[in-house]
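This briefing goes through the structure shown below, topic by topic.

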Amino acid sequence: MTMLRHAAAIASKDLRSEFRTKESINSTLSFSVVILLLFAFAFDPSPDMIVEFGGGLLWIVFVFAGALIVNRAFARELPNDCIDVLVSSPASGASLFLGKATAAFVLLFGIECICLPVFGILYNVTWWRNLSGLLGILALGTWAMACVGVFISALTVNLRLREVMLPMLVYPVLIPAILPAMMLTNTLLTGQPIPSDFMVWLRLLIGFNVMFTTLSVYLAETVLVR
Amino acid sequence: MRRKIILALGAVALPLLLRNLYVIMFLVPDEMEQGPIYRIFYYHLPAFFTAALCYLTAMVTSILYLVKKDQKYDAIAVSATETGLAFAAVNLITGMIWGRISWGIWWAWDPRLTWALICWLVYFGYLMLRSAIDDPTERAKNSAVLSIFASASVAVTWKAIEWWRTQHPGPVLSIRTGGVQKIDPAMEQMLYVNTVALLLLGLIFVLVRLRQEEVQREIDALRRYAHAMN
């Protein structure tokens with residue numbers, strides 16, 4: 001219970017700090033819209049093409065945006081050695097990790113919810129036909145991204161080349177979660193429910209989240225204590 | 001002592017590899033449907049087993065490092081990971097050559113192939129992370145944690161064949177098919193013998209790399225000592 005209270009306090013601190021400065025939100029949002037625009041120029045997609053790769057396109061945008069958000073998770077604590085103060089506070093490593101991952105999740109999910117209508121307008125897609133299913137898959141994929149991204153951001157926070165290292169380490173680990181998220185989003189964008197033969201992808205996505213959340217919570221203390 | 005062990009292992013592995021090469025090329029019959037190209041399978045699958053065992057060793061020694069904080073385990077983990085990457089590359093390359101002949105394409109986005117490549121990239125990231133951290137204790141700790149993360153990806157690779165129906169050939173070894181004989185027993189036996197040979201070769205590589213790592217650490221320690229004296 002104490003761990004969750006500490007995690008909530010850290011998440012609210014991160015979110016408050018982000019909403020005051022808006023440094024990640026503004027840059028990530030504009031970056032996402034630019035990528036959506038670039039894809040339209042690169043492929044000139046027809047409605048049939050969008051049905052085929054709309055989910056993939058959306059998740060590529062989200063994954064690129066996600067790297068910007070999770071990179072800031074621990075990097076924002078570097079000035080004034082705030083990270084040392086956080087680590088030496090009564091909050092455990094697990095609650096630190098959970099708080100930061102929750103804040104990253106909220107920010108990313110918010111950005112995704114703004115990107116969806118932009119995607120719908122630019123590519124002429126009626127994306128809301130199975131809204132609850134779509135939001136559910138977005139939430140699962142985003143948690144995978146926030147969880148793995150924030151954990152690896154803790155590993156790379158002190159590196160000179162962390163902006164390069166973080167995506168290089170996060171993306172391969174994240175593929176088993178992004179692949180099912182893309183497949184399922186593709187289906188849900190057509191307005192259909194998830195077919196029975198796609199349930200394996202849903203199980204993989206949920207299993208990935210359970211496995212990596214457990215691992216991250218368990219190992220967070222080891223990574224953060226210096 | 002270790003030098004003698006490496007030489008002894010080499011004395012067993014080298015004749016075994018040469019003998020296996022002769023048997024695979026000249027004595028084992030062609031496969032009915034695939035023809036002679038199937039012979040690549042005798043290196044493709046054992047290379048995967050060796051890589052998987054190296055990754056497993058890296059995971060176990062990484063956990064041991066986090067528990068005991070002994071640099072010896074970190075040295076074993078990096079040696080096993082590098083060796084595993086080399087064998088995983090052999091696995092991927094032989095698979096691509098087989099795919100080119102059998103499917104007409106170098107690469108198919110088949111889940112098992114894709115996952116094997118993902119694992120390779122994950123462990124390559126492990127080596128990149130190591131090279132980016134200067135402090136030996138920090139490097140050992142962070143890379144041990146990443147190695148445990150990476151092993152989760154390897155677990156998915158291993159199980160992927162059961163989760164998806166793919167164009168990749170299904171399991172053929174009787175230990176994986178519940179005793180059902182899908183290939184000629186002579187072929188299966190040869191596969192096991194060559195697996196032993198490649199495992200021995202992998203062990204030699206790990207031991208040689210471990211010696212290099214230990215020497216490098218001694219040099220680094222002496223360099224730090226010399227800097228401290230100045």
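Of the 230 residues in chain B, 33% are buried. The model is a predicted one. Chain B contains six helices and zero strands, so that its elements read α-α-α-α-α-α from the N terminus on. Among the contacts in chain B with a separation of 6 or more, 76% join residues 24 or more positions apart.

**Helices of chain B**

- Helix H1 of chain B covers residues 2–27, and its 26 residues reach 36 Å from first C-alpha to last, close to the 38 Å expected at 1.5 Å a residue.
- H1(B) is hardly covered, with a count of one buried residue among its 26 residues.
- Helix H3 of chain B runs over residues 71–102, and its 32 residues should span 46 Å at 1.5 Å a residue; the end C-alpha atoms are 46 Å apart, which agrees.
- After H3(B) comes B:Gly104, with a positive phi near 85 degrees.

**Contact between chains A and B**

- Chain B puts 19 residues into the contact, and chain A puts in 17 residues.
- On the side of chain B that touches chain A, helix H4 (111–132) and helix H5 (136–163) of chain B each supply at least two residues.
- H5(B) gives the most to this side, with ten residues.
- By class, the side of chain B that touches chain A is made up of 15 nonpolar, three polar and one charged residues.

**H2 against H5 in chain A**

- Helix H2 (residues 23–43) and helix H5 (residues 93–123) of chain A have axes that come within 10 Å and cross at roughly 30 degrees.
- Because angles under 35 degrees count as roughly parallel, H2(A) is roughly parallel to H5(A).
- The crossing in which H2(A) passes H5(A) is right-handed.
- From H2(A), the residues in this contact are A:Ser24, A:Ile25, A:Thr28, A:Leu29, A:Ser32, A:Val33, A:Leu36 and A:Ala40.
- The contact of H2(A) with H5(A) has 13 nonpolar, three polar and no charged residues.

**H2 against H3 in chain A**

- H2(A) also packs with helix H3 (residues 47–75) of chain A, at an angle of about 150 degrees and with the axes 10 Å apart.
- Because angles over 145 degrees count as roughly antiparallel, H2(A) is roughly antiparallel to H3(A).
- H2(A) and H3(A) make a right-handed crossing.
- Residues of H2(A) in this contact include A:Ser24, A:Phe31, A:Ile35, A:Phe39 and A:Phe43.
- Among the residues they meet in H3(A) are A:Met49, A:Leu57, A:Phe64, A:Leu68 and A:Arg72.
- The contact of H2(A) with H3(A) divides into twelve nonpolar, four polar and one charged residues.

- The 31 residues of H5(A) should span 45 Å at 1.5 Å a residue, and the end C-alpha atoms are 43 Å apart, which agrees.
- A:Asn124 follows H5(A) and has a positive phi near 55 degrees.
- A:Ala94 lies in helix H5 of chain A and counts as partly exposed because it has 19 C-beta neighbours inside 10 Å.
- Leaving out residues up to four places away in sequence, A:Ala94 touches A:Met3, A:Val217, A:Ala220 and A:Glu221.
- The C-alpha atoms of A:Ala94 and A:Tyr218 are separated by 6.9 Å, although the two residues are 124 residues apart along the chain.

- Most residues other than glycine have a negative phi.
- A:Lys22 has a positive phi near 55 degrees and is a residue other than glycine.
- The place of A:Lys22 is the loop between helix H1 (2–21) and H2 of chain A, and A:Lys22 counts as exposed because it has 10 C-beta neighbours inside 10 Å.
- A:Asn80, a residue other than glycine, has a positive phi near 60 degrees.
- A:Asn80 is in the loop between H3 and helix H4 (82–88) of chain A, and with 8 C-beta neighbours inside 10 Å A:Asn80 counts as exposed.

Definitions and conventions
Residues numbered from 1 in each chain as written. Chains lettered and ligands numbered in written order. Predicted model: local features only at pLDDT ≥ 70, side-chain atom pairs only at ≥ 80, totals over all residues. Axes fitted to C-alpha atoms, helices over the stretch in contact; angles between N-to-C directions. Helix = DSSP H or I, 4+ residues; strand = E, 2+ residues; numbered from the N terminus. Parallel < 35°, antiparallel > 145°, perpendicular 65-115°, else oblique. Left-handed = near helix turned anticlockwise from the far one by under 90°. Contact = placed C-beta atoms within 7 Å. Nonpolar A, V, L, I, M, F, W, Y, C, P; charged D, E, K, R; others polar. Expected span 1.5 Å × (residues − 1). Buried ≥ 20, exposed ≤ 12 C-beta atoms within 10 Å, placed from the backbone.
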